[in-house]
Amino acid sequence: MNNTKILGVAIFMAFALLLSCSKDEDNPSPEPGVVLATPFASNASNIGNTSFDANWVLVPEAESYLIDVSTSNSFSTFITGYNALEKSGSTAEITGLSPGITYFYRVRAKKGTEITNNSNVITVTTTGVAPEESEDPTFLKVKANALENPFFVGVAVKSNQLTEGSAYDVVLKNEFSSITAEYEMKMNPISTGSGSYNWDAADKIVNYGNDNGINVHGHALVWHNAVPDWLSNFSGTDAEFALEVKKYITDVVTRYAGKVSSWDVVNEAVDDNGNMRNTIFLQKMGPDYIKDCYQWARDAAIAAGDTDLLLFYNDYATSTNIPKQDKMFNIVDDLKTSNLIDGVGFQMHNTYLSPTKEQIETDINRAVALGLKVHISELDIQVNQNNDITYLTAERALAQKEKYKEIVKIYNALPEANKYALTVWGFKDNESWIPYSTDLNHPGNDWPLLYNDKFEIKSAHTGFLEGLE
């Protein structure tokens, strides 16, 4: 090879090496351990009644993508088959959906064992009209009365709802076999002064029940949040205060002897720390005030010839608050020993998540072990306790339905001797006490009952019925 050829080959090789180096600098190879970028999900396409295409932007070096699809933007549950479904490319067809339903999807990138964080969440609503749920139209009391060991199905009422032919009247007569006054049979609305009473609302409720063959449960003779002003400001001695309470209990029980089958004598006497609640009754009458109240109620009933009157103690949150539960049963044990109590009212202002089945059963079974009757006395089930939804979603409605079913099944399984009534605390969602309570940290709406604001039955109603099976 001559010198000219040798020089040409050398120049060519140098030029090739220069091109190679330049190419590597412009497109360097990924270094080991480089973290994949989190993908970006983009809007769905090809949206139909039962399907849509999920889309996302490709991530350099990603080998595949994991797609989640849910009806909840928190992804607490997943659509079957779409929990980390692995796909290549930048799109995936999502099928098998329902029309008119809102779905959510998100994406993660994957390379080997490395998986990125979730992408942004995309919302997509399928076309068409969502199918209406077909709820069981069977009346609650009809199904409960057909049980081998039936019990009362109750509802809390206001006197102004009890007008002949009203929607409340129709639903109540069809569905319920027991009523409880939501507020109007407490001390504050009845007692206007020493020995002075306004019986109008209470009489209307009691007469309505008696005239229509509906059981009436009295609620409540003594409650710290329903003390009339005249008694709160009472200037007499503590002994005279006690006599006023005795007179009130005696007069009320006597008036409704044979008309009201049961009374919550003392309501919520235990605080949330498991101590005696520091009420005006405790302050002025001492630690035996509870037993005194039950004795006065029992004596009044016997004197009036009502030997069948049932006396209950009623309280809330005892399934989850064990110190409170223990204190309540200390009180109940003492009353049972003195033959002054017939049953325990468990309010059950629950949520769709709590208490658990086991917690409820443990609580109730303590009353059963004492041979007492059990009243689920103020049942409602919140679905928005954290104010994280703006309407009753299908997911929450189903969870609420299952919780109603669970509680009714627990109650239905009790021995016959321990059953009394299961009372729902109100008719319609928009009239529930929960969104308006200052005692609850509940800033938003809720839908805790069996009927919506149009008086249409909800899935919760069907859950109640299923609990009776």
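Biologist: How many helices and strands does the protein chain have?
Modeller: The secondary structure comes to 13 helices and 19 strands. Helices (H or I, at least four residues) and strands (E, at least two) are DSSP runs, numbered from the N terminus. This is a predicted model: local features need pLDDT of at least 70, side-chain atom pairs count only at pLDDT 80 or more, and totals for chains, interfaces and linings use all residues. Residues are numbered from 1 along each chain as its sequence is written, and side-chain values use heavy atoms, with hydrogens and water left out.

Biologist: What share of the residues counts as buried?
Modeller: Of the 469 residues of the protein chain, 49% do. Buried means under 20% relative accessible area, exposed over 50%, partly exposed in between (1.4 Å probe, protein chains only).

Biologist: Let's take helix H7. Which of its residues are buried?
Modeller: Phe 241, Ala 242, Glu 244, Val 245, Tyr 248, Ile 249, Val 252 and Val 253. They lie on the same side of H7, because they cover an arc of only 155° around the axis. That arc is taken from the directions from the helix axis to the C-beta atoms.

Biologist: What does the face turned away from the buried side carry?
Modeller: It carries the exposed residues Ala 239 and Leu 243.

Biologist: And H3, which residues are buried there?
Modeller: In helix H3 (residues 167-175), they are Tyr 168, Asp 169, Val 171, Leu 172 and Glu 175. Their cover includes helix H2 (140-145), strand S9 (152-157), strand S10 (178-181), helix H5 (200-211) and H13.

Biologist: New topic: sheets. What is the strand order in the open sheet of 3 strands?
Modeller: The order is S1-S2-S5, with antiparallel pairing. Two strands pair if DSSP finds at least two bridges between them.

Biologist: Which strands stand at the edges?
Modeller: Strand S1 (40-45) and strand S5 (91-94) do. Each has a single partner strand, so one side of each is left without a neighbour in the sheet.

Biologist: How many bridges join S2 to S5?
Modeller: There are 4, and strand S2 (residues 52-57) runs antiparallel to S5.

Biologist: Now S6. Mostly covered or uncovered?
Modeller: Mostly covered: 7 of its 10 residues are buried. Strand S6 (residues 102-111) pairs with S8 in the antiparallel sense over 4 bridges. Tyr 105 stands opposite Ile 122 in S8, and Tyr 103 has Val 124 as its bridge partner there.

Biologist: Which residues make up the covered face of S8?
Modeller: Ile 122 and Val 124, while Thr 123 and Thr 125 form the uncovered face. In a regular strand the side chains alternate between the two faces of the sheet.

Biologist: What else is joined to S6?
Modeller: Strand S3 (residues 64-70) is joined to S6 by 7 bridges and runs antiparallel. Asp 68 stands opposite Arg 106 in S6. Strand S7 (residues 114-115) also runs antiparallel to S6, over 2 bridges. The hairpin of S6 and S7 has 2 residues between the strands, and Gly 112 takes a positive phi near 60°.

Biologist: Last one: where is Ser 432 found?
Modeller: Ser 432 is in the loop between strand S19 (419-424) and helix H13 (459-467).

Biologist: Why does Ser 432 count as buried?
Modeller: Because its relative accessibility is 1%. Ser 432 touches Pro 448 and Leu 449, not counting residues up to four places away in sequence. Contact means heavy atoms within 4.5 Å.
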